Each structure stands twice: as C-alpha cells, then as structure tokens.
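Hello,

Here is the structure you were going to look at, with the sequence.

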Amino acid sequence: SPSAPSPTFEANVAGTYRFNLSLTDASGGGAEAETFEVLVVPDTAIHVELLWATPNDPDPTDNGPEAGTDLDLHFTHAFASQPDLDGDGLPDPWFDPDWDCFWFSPTQDWGSSGSTTDDPRLDRDDTDGAGPENLNLEVPEDGTSYGIGVHYWGDHGFGSSFATLRVYVSSTLVLEIDAIELTNRDMWWAASLDWPSGAVSPKLQEGGERWIHGPYEHAMFQGP
C-alpha cells in the first residue's frame, strides 16, 4: 500500500508460501493479479519445529500473559542426566541446565570450546498460543545421540492441546508426527536423533505406545 511500499514477511515455519499481488492505480484501474510461491526450507544440519492446536482456545493468535497454551520444545545432549521422574530406573534428560536446550537455556555451549556453530539454539519460544517453536544446530557432534521432547508447561485453563513435531536433517523433512494429544504438565519424549547418520527414531514404550508421562514436574522448574 502507499503507507507500506516495501512490506516484509517473516517465515517461522518451513513449507511453501503463496503470495498474491493485485494492483490498483490512482484512477481505480487495476492489473491482473499475480501469484508467486516461495519454498522455505531450513539451511542448518538439524532443524526442529513444534506447533500445536488447542480446541478450547478461541484465538490462538492473540498475545499476552495466559492468552493461550504454553508448550515447550526440548533438545538434549547424550550427556544430559536428571532425576528419574518417569520411574524406569534410568536418569531422565529433561531440564538439565547444561545439556538440555529449552526456554531456560535457549543456547548451550556444546562441542568445541569457543565455537558457536556446534551449539544448539532455540530461536523461537511461544508462550501464549500455537507456536511455532524452533531449534537449530548447524554442526552436530559425531558419535552423539540427541533427544527431542515436548513439555506441556501450562494450559492456562484451555485444556488439552494437539502437538505437531517436524524434524529436518540437512534441509530434508525426515520425521513428522501430527496431532499428539497432551494435557497440562505432560512430558512427551518424541524422538532420538543420531549423528552423523542423521537417523531419527520415534521414542516408543513397551507395547508401542508413545513415551508420554504426566504430570511431569521437575523440582527446579515448577510451572503455573
């Protein structure tokens, strides 16, 4: 428009975007509308996206404290070791202040000292809606297994949410899990990713069920 001659658009989710342009001159005359598609793909070695839908939230796009539900993306290193809250007799990786990349520690110093390309970063944290949250790692460590999880931090009275997780390796979508129902304080251990193979495996319990435990509450991170 005359007030915004050079608009910009921020693509927070990988995929195909379609832009439609129509022109009208000062006399009201118009030109034939044009359509242009842009394919947006991540350019890092590992890219993880989390989105979610909450049926009881009438406007997932509004902003503000407790305006929507808050799900959190977690990305852990093989060294992560925290209390066994799921009761399987083994340490859990979640909420490790040094080896879990999540909202409390959106960047971590992993890999070679002084280098940043081998450090994961949580580039987007959404606390009041439907996401996305996304995490990127440019240079993963050889011989390392990473964990990918989702924690339902707070429903703010809106009830269950349905999470979608996408994992990209070298710009290729290698895993997509849709519409996993989570309730307040649930922890979903979604998948593991091995490097350098780039193999991604969904995390399943005995019997084939997805690894979801709740309420999952770490003593150092108490939710609302």
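Phe75 is in contact with residues from several parts of the chain: once neighbours within four places in sequence are set aside, its partners are Ile46, Trp99, Asp100, Cys101, Trp110, Pro120, Leu135, Leu137, Tyr146, Gly147 and Ile148. Keep in mind that this is a predicted model.

Phe75 also belongs to the largest nonpolar core, which has 31 residues. Along with Leu165 and Trp188, Phe75 is among those with the most contacts inside that core. The strands that each supply at least two residues of this core are β3 (46-53), β4 (70-76), β7 (133-137), β8 (144-154), β9 (161-169), β10 (172-182) and β11 (187-195). With five residues, β11 gives the most. Another core lies apart from this one and has nine residues, including Phe95, Phe102, Trp189 and Tyr216.

In soluble globular proteins, nonpolar side chains tend to be buried together. Three phenylalanines in this model are arranged otherwise: Phe9, Phe19 and Phe36 form a nonpolar patch on the surface, and together they have about 340 Å² of accessible area. Phe9 sits in the segment before β1 (15-21). Its relative accessibility is 52%, and the cut-off for exposed is over 50%, so Phe9 counts as exposed.

Overall architecture

The protein has 13 strands and zero helices. The C-alpha trace spans about 75 × 40 × 35 Å along its principal axes. Of the 224 residues, 42% count as buried. The accessible surface comes to about 11700 Å², and 51% of that belongs to carbon and sulfur atoms. Among contacts with a separation of 6 or more, residues 24 or more positions apart account for 61%.

Salt bridges

The count comes to six salt bridges. One of them joins Glu37 and Arg18, with the closest N and O atoms 2.8 Å apart. Glu37 is in strand β2 (residues 34-40) and Arg18 is in strand β1, so this pair ties together parts that are 19 residues apart in sequence. Arg18 is exposed, at a relative accessible area of 55%, while Glu37 is partly exposed, at 44% relative accessibility.

Arg121 takes part in two of the pairings. Its side chain meets that of Asp123 in a salt bridge, at 3.0 Å from N to O. Arg121 also forms a salt bridge with Glu138, where the closest N and O atoms are 3.2 Å apart. Glu138 lies in the loop between β7 and β8 and Arg121 in strand β6 (residues 121-124), so the pair ties together parts that are 17 residues apart in sequence. Each of these three residues is partly exposed: Arg121 at 27% relative accessibility, Asp123 at 40% and Glu138 with a relative accessible area of 38%.

Finally, which residues are linked in a network of salt bridges? They are Glu49, Arg166 and Glu176.

Regards

Key
Residues numbered from 1 in each chain as written. Predicted model: local features only at pLDDT ≥ 70, side-chain atom pairs only at ≥ 80, totals over all residues. Heavy atoms only, no water. Core = buried A, V, L, I, M, F, W, Y, C linked by side-chain atoms within 4.5 Å. Buried < 20%, exposed > 50% of the residue type's maximum accessible area, 1.4 Å probe, protein only. Helix = DSSP H or I, 4+ residues; strand = E, 2+ residues; numbered from the N terminus. Contact = heavy atoms within 4.5 Å. Patch = residues over 30% accessible without salt bridge, like charges linked within 9 Å, V, L, I, M, F, W, Y side chains within 5 Å. Areas by Shrake-Rupley, 256 points an atom, 1.4 Å probe, with all protein chains shown as cover. Salt bridge = Lys/Arg side-chain N within 4 Å of Asp/Glu carboxyl O.
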